[in-house]
Amino acid sequence: MLDELLAAWIGRQRWFGGKGRPIDDLSIDSDIELTLGLRHLIVAVWQEGSRDRYQVLLGERPSLPDRLTHALIGTIGDVYLYDAVHDAVRTDWLLDGMARDEERCGLRMRHVPGAAIDTEPRSVVLSAEQSNTSLVYGDAYICKLFRRLIPGVNPELEIVTALAARNAPHIAQPYGWIETDLDGTGTTLAFMQEFLSTANDGWDLALASVRDLYASLPEVPASEAGGDFAAESLRLGTATARVHRELAAAFPTDVIETHEVKRMAEGFRRRLGRAVSEVPALRHHVTGIEHVYHQVELLTNEVPVQRVHGDYHLGQVMRTTTDWVVLDFEGEPGQPLTERRALSSPLRDVAGMLRSFDYAARHLLAGHPEAEALEPRAQEWADRNRAAFLDGYAEGGGVITRGDAVLLRAFELSKAVYEVIYEARNRPTWLPIPLAAFRPR
């Protein structure tokens, strides 16, 4: 009965990765009672012959208060079953367990050595989360529950704890985590960090700057418009370079030789071929894109690789009162764990942020009645902030040689090709944003 309720409920959740495909089967791999009225489940979902596993906190109550009706999963007899992440009365076990390094039926709750955890704050769920569920405890902690479980240590836990041990700047301090064994491998279930309660989201700050520019008179340049963002882009570039330096010091580094660089270019081409077959509007730009990819194949120098962020954009950084902080080091959640932990060129992160500046500049033009007239202003804002970010990256010790510039442009275009596919499938009115990346610069 419970598995039937879960099968009907799980497909409607924002964090469920198998949307649009029927659920063939669902089973409960693990069912642990944490406290009275709270169970920890690991649920296996089968779709089209493949299995994914998800983490569910199952609450049980004889009646459900109004504040929890949106979290209802179903009823069995006289018992209401619901998603207990939304129940602050139940989620104090997370803080308690980590503070005490508790172990229960294969669940291991740990705190970072030397970190003191206050167990008093109650939790609130952040509503904006897409692939995970984050609980904020007062103004002290944010605990991310990884809903889709992949055997292994999550890169975010691995990276942030390693950087914190080096007293690295530009990160939110870690406090604790929860783990279990899946397929005989230690697997991260949750990770808790410092909550930056007074910080501002980088994407929101950038959009505020773009709005100010669009509201200003046409003859006012971006450098003189209210809310100019270039100084922040410069600081962000410096912070990014410093994070890359700390990652290179904390983890192994390597180089990839020319034949591997050519293999990388072939990967870019395969993505381009798939995109062109799906989005015909991209066909007009193939020649220019192929030219850049060919320039990568002509590179003769080795390319340094290291651990990187892997999913870097303005939504992954926060501006505190003193500086920028980088968040969400888990990489792209949809990619295999081995790929997210693999060494890569730091230029991949740089390219991701450059693409984010282009998105911020043109995001407000989607459906805008004056989009064509405002396009030059969008390009001006993007160019100014891209340049400032690269200047800051150089000031922070980031090195971009002439050969690196070729590779950086290829990373940018490959990212834009991915964006074209995504927007065509999900937000067709946004398709002009990534298509603008293929204009000559």
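Let's start inside the fold: Arg355 is buried, with a relative accessible area of 0% (buried means under 20% relative accessible area, exposed over 50%, and partly exposed in between, using a 1.4 Å probe and protein chains only). Before going further, please keep in mind that this is a predicted model, in which local features need pLDDT of at least 70 and side-chain atom pairs count only at pLDDT 80 or more, while totals for chains, interfaces and linings use all residues. Residues are numbered from 1 along each chain as its sequence is written, and side-chain values use heavy atoms, with hydrogens and water left out.

The side chain of Arg355 meets that of Glu419 in a salt bridge, 2.7 Å from N to O (a salt bridge is a side-chain nitrogen of Lys or Arg within 4 Å of a carboxyl oxygen of Asp or Glu). This pair links distant parts of the chain, with Glu419 in helix H11 and Arg355 in helix H9, 64 residues apart. Helices (H or I, at least four residues) and strands (E, at least two) are DSSP runs, numbered from the N terminus. Glu419 is buried too, with a relative accessible area of 8%. Through shared partners, salt bridges join Arg355, Asp358, Arg386, Arg409, Glu412 and Glu419 into one network.

Arg386 leads us to helix H10, where it is one of the buried residues. Others buried in H10 include Leu374, Trp381, Phe389 and Tyr393. The buried residues of H10 pack against helix H4 (202-215), helix H5 (230-250), helix H9 (347-363) and helix H11 (402-426); contact here means heavy atoms within 4.5 Å. After H10 comes Gly397, with a positive phi near 105°.

What about other charged pairs? Side chains of opposite charge can pair when their charged atoms come close. The structure holds 36 salt bridges. One of them joins the side chains of Arg269 and Glu297 at 2.7 Å, N to O. It too links distant parts of the chain, from Arg269 in helix H6 (residues 258-278) to Glu297 in helix H7 (residues 286-297), 28 residues apart. Both Arg269 and Glu297 are buried. The side chains of Arg110 and Glu103 also meet in a salt bridge, at 2.5 Å from N to O. Here Arg110 counts as buried because its relative accessibility is 18%, whereas Glu103, at 53%, counts as exposed.

His40 is found in strand E2 (residues 38-47) and, at 1% relative accessibility, counts as buried. Its side chain makes a polar contact with the side chain of Gln55 at 3.0 Å. A polar contact is a pair of N or O atoms within 3.5 Å; within protein, one must be able to donate a hydrogen and the other to accept it, and residues adjacent in sequence count only if both atoms are side-chain atoms. Not counting residues up to four places away in sequence, His40 touches several residues, among them Ile32, Leu57, Leu107 and Leu189.

His170 sits in the loop between helix H3 (155-165) and strand E12 (174-182). His170 is buried, with a relative accessible area of 8%, and its side chain reaches the backbone oxygen of Trp324 at 2.9 Å. Most residues other than glycine have a negative phi. His170, however, has a positive phi of about 70° although it is not a glycine. Glu48 also has a positive phi, near 50°. Glu48 lies in the loop between E2 and strand E3 (50-61) and, at 57% relative accessibility, counts as exposed.

Finally, the whole chain. It has 12 helices and 18 strands. Its radius of gyration is 23 Å, close to the 22 Å that the globule rule gives for 441 residues, so the chain is as compact as a globular protein of that length. The radius is taken over C-alpha atoms, and the rule is 2.2 Å times the number of residues to the power 0.38. Buried residues make up 52% of the 441 residues.
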